[in-house]
Amino acid sequence: MLSLLYQEGPSTKGIFRRSGSAKTFKELKEKLDSGTEVDLACESIFVTASLFKDFLRNIPGSILSSQLCDKWVSVLDQGNYEEKIKSIQRLIEHLPRANVVLLRYIFGVLHGIEMRSEENQMNAFNLAVCIAPSLLWPPVSSTPDIESEFIKKISSLVQFLIENCCRIFGDEITSLFGEI
């Protein structure tokens with residue numbers, strides 16, 4: 001999924017914003033969940049993007065770890081630019097290795113899409129609004145007002161991560177997929 005999103009996302013207007021066919025999404029999700037091999041290259045990239053966000057939402061405790069939720073939410077409220085970068089890097093060190101590897105690929109894809117935002121209309125802000133709710137959620141449910149405020153903070157965090165992914169994850173993030 002990430003490879004397809006890396007290839008097609010940068011040239012796809014509204015990737016992650018538009019959803020594909022609900023019927024196709026449901027059928028493919030059922031196939032993937034049952035272990036059936038699926039050729040996503042034959043499907044709409046919007047269905048692939050929807051499937052990927054669904055995959056992220058189904059990671060137990062979220063990819064950024066709901067246990068670290070309060071720290072993630074407040075990380076942008078403290079210090080200058082450099083301190084924010086260091087705080088984020090320290091938080092990432094507390095995540096399971098598999099989460100960190102996946103995050104690097106995710107932000108490699110998002111960075112590639114953001115670099116061509118004039119073409120696809122998905123700048124870091126727009127990408128963050130679409131993908132942030134799939135990356136982190138609070139460990140307990142809350143009121144709609146609190147949840148709305150939480151989503152704004154997480155979207156700001158994800159926007160910061162996209163805009164600074166090379167500083168946070170290393171410059172090699174831009175070449176994780178090699179020459180496709």
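Analyst: The discussion below moves from the annotated span to the core, a helix and the aromatic pairs. Please keep in mind that this is a predicted model.

User: What does UniProt place at residues 1–169?

Analyst: The UniProt record, an unreviewed entry, places the feature "domain: Rho-GAP" there. In the model, the span of residues 1–169 is 66% helix and 0% strand, and its end C-alpha atoms lie 21 Å apart.

User: How many residues does the largest nonpolar core have, and which of them have the most contacts inside it?

Analyst: The general idea is that in soluble globular proteins, nonpolar side chains tend to be buried together. Here the largest nonpolar core has 58 residues, and F16, W72, I106 and F107 have the most contacts inside it. Among the elements that give two or more residues to this core are α1 (2–8), α3 (45–57), α8 (124–135) and α9 (144–163). Helix α6 gives the most, with eight residues.

User: How many aromatic pairs does a search of the whole structure find?

Analyst: It finds five. In one of them, the ring centres of Y6 and F177 are 4.4 Å apart and the planes meet at 20°; planes under 30 degrees apart count as stacked, so this pair is stacked. Because Y6 belongs to helix α1 and F177 to the segment after α10, the pair ties together parts that are 171 residues apart in sequence. F177 counts as buried, at 16% relative accessibility. Ring pairs also link Y6 and F177 with Y105 in a cluster.

User: How are F52 and F55 separated in helix α3?

Analyst: As a general rule, an α-helix has 3.6 residues a turn, so residues three or four places apart point the same way. F52 and F55 are three residues apart in α3, and are therefore separated by about one helical turn. Their rings form a stacked pair, 6.1 Å centre to centre with 25° between the planes.

User: Is F52 buried or exposed?

Analyst: F52 counts as buried, at 4% relative accessibility, whereas F55 is partly exposed, with a relative accessible area of 40%.

Key
Residues numbered from 1 in each chain as written. Predicted model: local features only at pLDDT ≥ 70, side-chain atom pairs only at ≥ 80, totals over all residues. Heavy atoms only, no water. Core = buried A, V, L, I, M, F, W, Y, C linked by side-chain atoms within 4.5 Å. Buried < 20%, exposed > 50% of the residue type's maximum accessible area, 1.4 Å probe, protein only. Helix = DSSP H or I, 4+ residues; strand = E, 2+ residues; numbered from the N terminus. UniProt positions renumbered as here; feature names shortened; annotations may be inferred. Phe/Tyr/Trp six-rings, centres within 6.5 Å; stacked < 30°, edge-to-face > 60°.
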